[in-house]
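The following note is intended for a colleague who is meeting this structure for the first time.

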Amino acid sequence: MKKRNIIIDCDPGIDDIVALSFAIANEDKFNILGITTVAGNQTIDKVTSNALKVMSYYNRNIEIAKGQEKPLLREKSAASNVHGENGMGDYQLPEAKLELSSQNAISFLRDKIMSSEEKVTLVPVGPLTNIALLIKVFPEVMENIELVSIMGGSISGGNRTSCAEFNVWADPEAAKIVFDSKLPLVMSGLNVTHSTGLYKEDVEKLAKSTGKATELCGKMLEYYFKGDHVKEGRFTPIHDACALMYLIYPELFKFRHMKVDVDCSDGISRGNTIADVREWIKYDNTYPKVLVDVDLEKFREILLNDLYKLDEMV
Ligand code: BDR
Ligand code: CA
């Protein structure tokens, strides 16, 4: 299988770090051109520091560029209740050895995409602020983008509000720009990511492990179980890993192409992704591919195997 060029745009964030770990575990399938950060789960300084610390801890010399510190129009707001004050569920990693790129994320993304011989896949798993700015400021990049695999949105209710998923709610105007862009998009929304994750027993076993990756992921994920967003206290979604899992194992998912509108109003519907789920309306593949179902057991098995595999690689 040919390696896919990817850039991960993230706000680490506990599940972002599990997703980054999954990406590194699959470096035989992904050519990771870089990581960009965006304010979301925590402030831009905290999420950027987390990305640098994690890659240093894994001894990976991956370029990291800092992105936008706030949404396009909205006030910034963190998700400390879910990811903790440091964005890693209070887990403390050693200081980073890696240095931050001198470029900002937008020009970094532009240069990486334009200088790549093969097209590039973007994997945004935080608010879409950087990606929206990228395609507005440097529209020429669109020609060389293979796919945008997004964790965000939902076609069945929200988490930040009753109808809105956090990443889209945080910067709805940016999400609208990306969903309206006509770029090839895959949307891993809450309707599938709520069925992609790990059981409490899996997390406890990971946390007891002495492997570098498994212990880190397990200890951080234990933090989720202190909150009330885990399913009946026995299962936690790992939302962001879904956007990467799709790229390697698309056969685990069912999908439909749909028109997806983003509600940019200020009212109770802010950040709602309104997908046209009417089955009798046919949308072709120029519309977003919305994931609608996933094989939970295979997802879980692959994710766990890869985290243990990563212990041997770092
Ligand atoms: C998304 O919100 C964040 O808290 C997670 O990292 C994920 O990207 C889920 O709604
Ligand atoms: Ca995230």
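1. Buried means under 20% relative accessible area, exposed over 50%, and partly exposed in between, computed with a 1.4 Å probe on protein chains only. At 45% relative accessibility, D90 therefore counts as partly exposed. D90 is placed in the loop between α3 and α4 (105-114), where helices (H or I, at least four residues) and strands (E, at least two) are DSSP runs, numbered from the N terminus. Although D90 is not a glycine, its phi is positive, at about 70°.

2. The model is predicted: local features need pLDDT of at least 70, side-chain atom pairs count only at pLDDT 80 or more, and totals for chains, interfaces and linings use all residues. Residues are numbered from 1 along each chain as its sequence is written, chains are lettered from A and ligands numbered from 1 in the order in which they are written, and side-chain values use heavy atoms, with hydrogens and water left out.

3. K182 also deserves a look for its backbone. Its phi is near 70°, a positive value in a residue other than glycine. K182 lies in the loop between α7 (172-179) and β6 (185-188), and at 55% relative accessibility K182 counts as exposed. Most residues other than glycine have a negative phi, and most peptide bonds are trans. The peptide bond from P12 to G13 is cis, with omega near -5°; G13 is found in the loop between β1 and α1.

4. The packing of α1 against helix α12 (residues 296-313) comes next. Their axes, which are lines fitted to C-alpha atoms over the stretch in contact, with angles from 0 to 180 degrees between N-to-C directions, come within 9 Å and cross at roughly 70°. The two helices are therefore roughly perpendicular to each other, a class that covers 65 to 115 degrees, whereas under 35 is roughly parallel, over 145 roughly antiparallel and the rest oblique. The contact (heavy atoms within 4.5 Å) is made by V18, S21, F22, I24 and A25 of α1 and I302, L303, D306, L307, K309, L310 and M313 of α12.

5. α1 also packs against helix α10 (residues 212-224), at an angle of about 155° and with the axes 9 Å apart. α1 and α10 are therefore roughly antiparallel to each other. In this contact α1 contributes I14, D15, I17, V18 and S21, and α10 contributes L216, C217, M220, L221, Y223 and Y224.

6. I150 lies in strand β5 (residues 145-151) and is buried, with a relative accessible area of 0%. Beyond its neighbours within four places in sequence, the contacts of I150 include P124, L128, V178, F179 and A243.
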